[in-house]
Amino acid sequence: MALTTAGTAACAKCKFFEAEASAELGLCRYNPPISQPSGDTAGVWPKVEASDWCGHFEPATA
Ligand code: SF4
């Protein structure tokens with residue numbers, strides 16, 4: 001069964017995506033940072049590809 005979001009959803013078009021300089025990668029801001037290596041370092045935002053997507057996709061507004 002084909003997913004209805006396949007072909008229309010993309011991280012680059014999602015309101016939770018924060019593009020980085022490469023434009024091919026960005027940070028997903030849907031969830032809080034994860035995987036703090038130690039108490040002295042900041043958490044890590046998941047890095048995703050602009051062409052990827054997940055079930056939390058929500059279209060970005062202008
Ligand atoms: S992983 Fe999901 S929530 Fe995060 S930017 Fe991509 S589509 Fe949006």
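Me: What stands opposite Phe 17 in E2?
Reply: Cys 28 does. This is a predicted model, where local features need pLDDT of at least 70, side-chain atom pairs count only at pLDDT 80 or more, and totals for chains, interfaces and linings use all residues. Residues are numbered from 1 along each chain as its sequence is written, and side-chain values use heavy atoms, with hydrogens and water left out.

Me: How many bridges join E1 to E2?
Reply: Three, and the two run antiparallel. E2 covers residues 25-28. Strands are DSSP runs (E, at least two residues), numbered from the N terminus. Two strands pair if DSSP finds at least two bridges between them.

Me: What's the strand order in the sheet?
Reply: E1-E2-E3, in an open sheet of three strands with antiparallel pairing.

Me: Why is one side of E1 and of E3 left without a neighbour in the sheet?
Reply: E1 (17-19) and E3 (47-49) stand at the edges, so each has a single partner strand.

Me: New topic. Which residues surround the ligand?
Reply: Cys 11, Cys 14, Phe 16, Phe 17, Cys 28, Tyr 30, Trp 53, Cys 54, His 56 and Phe 57. The cut-off is a heavy atom within 4 Å of the molecule.

Me: How does that shell divide by class?
Reply: Nine nonpolar, one polar, no charged. Ala, Val, Leu, Ile, Met, Phe, Trp, Tyr, Cys and Pro count as nonpolar, Asp, Glu, Lys and Arg as charged, and the others, Gly among them, as polar.

Conventions: Helix = DSSP H or I, 4+ residues; strand = E, 2+ residues; numbered from the N terminus.
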